[in-house]
Amino acid sequence: MSLTYRGTDPVRLSDDRKSIIAIDQTKLPGEVDYIEIKTLDEMYDAIKSLAVRGAACIGIFAGYCMALLAGTYKDQDSDSFYEKLKKDGDYLNSSRPTAVNLSWAIERQLALVDTAVKSGISTDRIVDRLYSEAVAIHEEDILMCMKIAEQGLSLLNDGDGILTHCNAGALATSRYGTGLGPILLGRERGYNFHVYSDETRPLLQGARLTAFELVNAGVDETVICDNMAALLMKQGKIQAVLVGCDRIAANGDVANKIGTSGVAIIAKYYGVPFYVLGPYSTIDMNTAKGDDIEIEFRDPDEIRSLWYEKPMAPKGAGFFNPAFDVTDHSLITAIITDRGVLRPPYDKSINGAMSGKNRGR
Ligand code: MRU
């Protein structure tokens, strides 16, 4: 499998391994600005402020954070080394609750520490292992995105109109991305897709981030507001919807950027296939159904004033700002993972993929 697409890596370890270098996604597309992150508070703030965002990217970032933090405790005895790192991990995990990749990566790193401590390995060597594990998480994500891109592309046709919601490209993951993977891979192979990106109020990720990535990759791209999808589908301009995901429950319900569920309902009405794309690390077998997923609520100022010179609503108006919603599994045509294209009934296909069976299509 060749990795030709070299999209932007949103996070990476510095050469001296003392900090994490991240693109500040809040400044895109106007400025491509890199921030250097060293301390626990800077790590928490980077996730909370959305400088580092997108489910898989947050997971990769958390893997590096845990390695960096462990380095600051390496002179402690092994019990307090573990306890301090666990406390930091819990704090980091509280920054954003919906995307499972955050807790998944933190738990993966803590499990490594736990096993190593019990085997009597020195804290110095454990820190080295945590760095290697963080790089492994990152490299696995690159390969998973590539596999997802291949699987997704096999379901599309040259000339298709594609709608995507929010940003599920290289900025939210690694290289090919998830929701954008088939589009970017198709572009390399000579497919001509026309892509519509929902701008996704209130944070404009479709306009700011997806359009930025697709235009840079030479894809034919049109930005639309969230409320324009139905018109395009009615006009027959959309042949498939591709979205990423922040958490997939065991029954196939999917949490993703607010508005995803509405797009899925419209797609079902107009008979347009609705595909969710994500790696196995976004499947949470401990969450039985969508209702059990905690939805993050964000600052009302993101709606009220963030993008305007002055507030766009009168004083006294209330604001409701959930960052995510849950799409019912009955609306999803297929969940495209690195472990194959999963079809309904999702409780069975997801269970098969996660238990190692049914890894083909
Ligand atoms: O609030 P964000 O920008 O982190 O939300 C991102 C999304 O909802 C993406 O679609 C999702 O993370 C999937 S891409 C890995």
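By salt bridge I mean a side-chain nitrogen of Lys or Arg within 4 Å of a carboxyl oxygen of Asp or Glu. Between domain 1 and domain 2 the count is 1 salt bridge.

Before going on, a word on the model. It is predicted, so to speak of a local feature we need pLDDT of at least 70, and side-chain atom pairs count only at pLDDT 80 or more, while totals for chains, interfaces and linings use all residues. Residues are numbered from 1 along each chain as its sequence is written, and side-chain values use heavy atoms, leaving out hydrogens and water.

Now the layout. Domain 1 covers 11-145 and domain 2 covers 151-355, with bounds from an automatic or database domain assignment. Taken over C-alpha atoms, the two centres are 26 Å apart. Domain 1 brings 29 residues to the contact and domain 2 brings 33, where contact means heavy atoms within 4.5 Å.

How much area do the two domains bury between them? About 2500 Å², with 56% of it on carbon and sulfur atoms. Buried area here is the accessible area (1.4 Å probe) that two parts lose on being put together, summed over both. On the domain 1 side, the residues that lose the most area to domain 2 are Arg 53, Thr 98 and Met 144, together 25% of what that side buries.

There are also 15 residue pairs in polar contact between the domains, both residues being at pLDDT 80 or more. A polar contact is a pair of N or O atoms within 3.5 Å; within protein, one must be able to donate a hydrogen and the other to accept it, and residues adjacent in sequence count only if both atoms are side-chain atoms. Helix 2 (55-72), helix 4 (100-118) and helix 5 (123-153) are the elements that give two or more residues to the side of domain 1 that touches domain 2. Helix 5 gives the most, with 6 residues. Helices (H or I, at least four residues) and strands (E, at least two) are DSSP runs, numbered from the N terminus.

On to the ligand. Which residues come nearest to it? Of the 18 residues around the ligand, they are Arg 53, Arg 96, Gln 205, Asn 256 and Lys 257; "around" means having a heavy atom within 4 Å. For Gln 205, a side-chain N or O atom is 2.6 Å from an oxygen of the ligand. Gly 54 uses its backbone instead: an N or O atom there lies 3.0 Å from a ligand oxygen.

Last, some backbone details. Most residues other than glycine have a negative phi, and most peptide bonds are trans. Here, Leu 28 and Pro 29 are joined by a cis peptide bond, omega about 0 degrees, and Pro 29 sits in the loop between strand 2 (20-23) and strand 3 (34-37). The bond from Arg 201 to Pro 202 is cis too, with omega near 0 degrees; Pro 202 is in the loop between strand 5 and helix 7 (205-216). Finally, Cys 166 is not a glycine, yet has a positive phi of about 65 degrees. You can find Cys 166 in the loop between strand 4 (161-165) and helix 6.
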